[in-house]
Amino acid sequence: MVLTLYGNLHSTCSNRVRTVLEELGVKYEFVNIDFAKGEHKAPEFVAVQPFGQVPYIDDDGFKLYESRAIARYIALKYGGIGKLIPDPKDVQKWALFEQAASVEQSNFDPSAAGLAWENIFKPLFGLQTDPATVERLKTTLEGKLAAYDVILGKSKYLAGDEITLADLFHLPYGALLEKQGYDYLVSGRWPNVTRWWKDISSRESWKKLTTA
């Protein structure tokens, strides 16, 4: 039975999972959940995903939600060891991978996702962008990227010299920064960040999603 991904084509978290599936060449069926119709809040959906959020997967009856958890599962099951995650038996490499994944979730995602909410998603819902919040998030993100530049000055990727899920996790919200007019990742202000971003954002898996 083919793995089924329930998500939305415009969902950053859905695209996080789709990137990993494309990276590993996993065959899957995509079921688009229509937010406008409230399909993500339908009883049959929340029976699987209690928060009414996308995505979730159904892998031959095994159901899992939360995009980063799904990505780890896919990598472990579908040949990602040594490609997108280290061998869990190598405790030190695994710890460095988890450290990098934590960096993305704790130090990049809150500001990048917050800016997308203020500048892109709020207007879609007829809400007003809060300029003070935008400035605060920008200042915070600038400080975080300065730290990223230090990390990436010591290794090619966040967990070492091999790409991992931790790097790919940045793609959906990182791409939205430039759409908002923020050149943080491409300007060269933080040269190691720019080199890294050009590397990960030029991967065929991501280009397939963004040019389709």
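**Group meeting: strands, rings and salt bridges**

Let's start with strands β1 (residues 3-7) and β2 (residues 28-32), which run parallel and are joined by 5 bridges. The chain gets from β1 to β2 through helix α1 (residues 12-24), and this β-α-β crossover is right-handed. Right-handed here means that, with the strands pointing away from the viewer, the path from the first strand over the helix to the second runs clockwise. Strands count as paired if DSSP finds at least two bridges between them. The helices (H or I, at least four residues) and strands (E, at least two) are DSSP runs, numbered from the N terminus.

A quick word on what we are looking at. This is a predicted model, where local features need pLDDT of at least 70 and side-chain atom pairs count only at pLDDT 80 or more, while totals for chains, interfaces and linings use all residues. Residues are numbered from 1 along each chain as its sequence is written, and side-chain values use heavy atoms, with hydrogens and water left out.

Now to the salt bridges. Side chains of opposite charge can pair when their charged atoms come close. The cut-off here is a side-chain nitrogen of Lys or Arg within 4 Å of a carboxyl oxygen of Asp or Glu, and the structure holds 11 such salt bridges.

Please find Asp109. Arg16 forms a salt bridge with Asp109, with the closest N and O atoms 3.8 Å apart. Arg16 lies in helix α1 and Asp109 in helix α4, so this pair ties together parts that are 93 residues apart in sequence. Arg16 and Asp109 are both buried, where buried means under 20% relative accessible area, exposed over 50%, and partly exposed in between (1.4 Å probe, protein chains only).

Asp109 also forms a salt bridge with Arg68, and there the closest N and O atoms are 3.3 Å apart. Arg68 sits in helix α3 (residues 67-77) and Asp109 in helix α4, so that pair links parts 41 residues apart in sequence. Arg68 is buried too, as is Asp109.

Glu135 and Lys138 form a salt bridge, the closest N and O atoms being 3.4 Å apart. Both residues lie in helix α5, 3 residues apart, about one turn of the helix. Glu135 counts as partly exposed because its relative accessibility is 43%, whereas Lys138 is buried at 18%. Back at Asp109, salt bridges that share partners join Arg16, Arg68, Glu104 and Asp109 into one network.

On to the aromatics. A pair of aromatic rings is described by the distance of the centres and the angle of the planes. Rings of Phe, Tyr and Trp (its six-membered ring) pair if their centres lie within 6.5 Å; planes under 30 degrees apart count as stacked, over 60 as edge-to-face and the rest as tilted. That rule gives 11 aromatic pairs. For Phe108 and Tyr148, the ring centres are 6.2 Å apart and the planes are at 50°, so the pair is tilted. Phe108 is in helix α4 and Tyr148 in helix α5, so the pair ties together parts 40 residues apart in sequence. Phe108 is buried, with a relative accessible area of 2%, and Tyr148 is buried at 1%. Together with Trp196 and Trp197, Phe108 and Tyr148 form one aromatic cluster.

Finally, one for the surface: is Phe125 buried or exposed? Phe125 is exposed, with a relative accessible area of 58%, and lies in the loop between α4 (91-124) and α5 (131-152).
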